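These are my notebook entries on one protein chain. I wrote down what I looked up, in the order I looked.

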Amino acid sequence: MFFVGLGTSVPPRSFSQRECWDALQRAERPELTPRTRAVLQGILNHDNGIERRSLALDSLDEGFDLDPDTLHRRFVKHAPALASQAAARALDEAKLTPREVDAVIVSTCTGYLCPGLTSYVAEALGLRPDAVQLDLVGQGCGAALPNLRTAEALLASQRSDTVLSVCVEVCSAAFYLDNDLGVLVSACIFGDGAGAAVLSSRPRDGRRSVEWKAAASLTDPSQRDALRFEQRGGMLRNILTLPVPKLAAKHAKTVLGTVLGEQGLPQREIATWVLHAGGRKVLAELERNLALDSGDVRWSSAVLREFGNLSSPFVLFVLKSALESRAAGGWWWMSSFGAGFSCHGALLRVA
């Protein structure tokens, strides 16, 4: 399987972390204790690896309208638009028309539509009526790689020749505020966006070759409660616990070792690292556990700094950034993790 086009999309408005703190000070949220406000001030006003986040809001004051109907309307308005824009950009880069797409797969966890987002993306792009449409939900931040593995299966079956893979999250449609530390951190690190990839059984002439070579996944249900959504008051409430950085690093190392062992490759052969960054602490644990340095994670750090944690699209932003920056070719490693507790990894060959 080959990546022949990549596209990303974020809302037009981007906000600094300081602007987020200023808006919080204006907001009337009587349920927040003085201690909670001090925690939020510390997160938003100190270096946590994030400078800005793109949010589907006209003003930050809208971000404190936290009721089920408002949040659902936000998802319905922005998720199809962001997904379709990223997909259109990926097709443009691949120099393919929508009619050449045989299947579309869309992943999300920050909202729910029936029919799913594939219906809206197919309509917006003008895909063929007989194109396969698959909606994947509930996989959290790690969803991009399961999505891509599904595309790989469709291509390997020879039922599809071109597959469009899309991940979209409107995290601002799943914001929640209370005095729980995990909820507070979530409100301060997540941003909105979409990433898309066009996958083909053949490389495209005249462009850099990015081939998917091998992949593995690991799911540990015993740690399900460490990172997940719950429903409270009709709204999604993110559960984010302190063990997450170490869990992510531990499982990322296991998945990496599995694939490298199967391929007979030493880790030193990995030229470029495409890693999901749940936050600065997660990235630091990945560095430590995988014996990396700041140069190895610079693409992930840059995306985190500019956009925050985008959830499932994050690794597609990192992959696109590394390719556009002409990162060294050879073996590349892509890894994501999220709800489950799940972790995924893929070995790419870039020439």
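This is a predicted model: local features need pLDDT of at least 70, side-chain atom pairs count only at pLDDT 80 or more; totals for chains, interfaces and linings use all residues.

The entries below go from the sheet to the core, then to the loops and a pair of helices.

**Entry 1**

As a reminder to myself, strands of a sheet pair through backbone hydrogen bonds, either parallel or antiparallel.

I then picked strand 13 (residues 342-350). How many of its nine residues are buried? I found eight, so the strand is mostly covered, taking buried as under 20% relative accessible area.

On one side I followed strand 8 (residues 210-219), which runs antiparallel to strand 13 and is joined to it by nine bridges. I checked two residue pairs here. Ser217 has His344 of strand 13 as its bridge partner, and Leu218 stands opposite Cys343.

Strand 12 (residues 330-338) also pairs with strand 13 in the antiparallel sense, over nine bridges. In this pairing Gly338 stands opposite Ser342.

**Entry 1: the hairpin turn**

I stayed with strand 12 and strand 13, which form a hairpin with three residues between the strands. Gly340 in this hairpin takes a positive phi near 150°. The peptide bond from Gly340 to Phe341 is cis, with omega near -5°. Phe341 itself sits in the loop between strand 12 and strand 13.

I wrote down another cis peptide bond, the one that joins Cys114 and Pro115, with omega of about 5°. Pro115 is placed in the loop between strand 4 (103-108) and helix 4 (117-125).

**Entry 2: the core**

Next I looked up which nonpolar residues are buried together. In soluble globular proteins, nonpolar side chains tend to be buried together. The largest nonpolar core here has 97 residues. Which of them touch the most other members? I listed Phe3, Trp212, Leu286, Leu319, Trp332 and Trp333. Helix 7 (residues 244-263) gives the largest share of this core, nine residues. I also recorded a second, separate core of 30 residues, with Ala79, Leu91, Leu164 and Ala194 among them.

I took Phe3 for a closer look. Leaving out residues up to four places away in sequence, Phe3 touches Leu148, Ala197, Val198, Leu199, Val210, Trp212, Leu319 and Leu348.

**Entry 3: loop residues**

I looked at the loop between helix 10 (314-324) and strand 12, where Gly329 is found. Is Gly329 buried, exposed or partly exposed? I have it as partly exposed, because its relative accessible area is 37%, between the limits of 20% and 50%. Its contacts are Arg208, Ala271 and Val350, not counting residues up to four places away in sequence. I also compared Gly329 with Cys114, which is 215 residues away along the chain; their C-alpha atoms are separated by 41 Å.

Arg326 has its place in the loop between helix 10 and strand 12. Its phi is near 60°, a positive value in a residue other than glycine. Arg326 is exposed, because its relative accessible area of 59% is over 50%.

Ala291 lies in the loop between helix 8 (280-289) and helix 9 (298-307). Its phi, near 55°, is again positive in a residue other than glycine. At 66% relative accessibility, Ala291 counts as exposed.

**Entry 4: helix 1 and helix 2**

Last, I looked at helix 1 (residues 17-26) and helix 2 (residues 34-45). Two packed helices are described by the angle between their axes and the distance between the axes. Here the axes come within 8 Å and cross at roughly 160°. That angle is over 145 degrees, so helix 1 and helix 2 are roughly antiparallel to each other. I noted their crossing as left-handed.

Which residues make the contact? From helix 1 I listed Gln17, Arg18, Cys20, Trp21, Leu24 and Gln25. From helix 2 I listed Arg37, Leu40, Gln41, Leu44 and Asn45.

Notes:
Residues are numbered from 1 along each chain as its sequence is written. Side-chain values use heavy atoms; hydrogens and water are left out. A nonpolar core is a set of buried Ala, Val, Leu, Ile, Met, Phe, Trp, Tyr and Cys residues joined through side-chain atoms within 4.5 Å. Buried means under 20% relative accessible area, exposed over 50%, partly exposed in between (1.4 Å probe, protein chains only). Helices (H or I, at least four residues) and strands (E, at least two) are DSSP runs, numbered from the N terminus. Contact means heavy atoms within 4.5 Å. Two strands pair if DSSP finds at least two bridges between them. Axes are lines fitted to C-alpha atoms, for helices over the stretch in contact, and angles run from 0 to 180 degrees between N-to-C directions. Angles under 35 degrees count as roughly parallel, over 145 as roughly antiparallel, 65 to 115 as roughly perpendicular and the rest as oblique. A crossing is left-handed if the near helix is turned anticlockwise from the far one by less than a right angle, and right-handed if clockwise.
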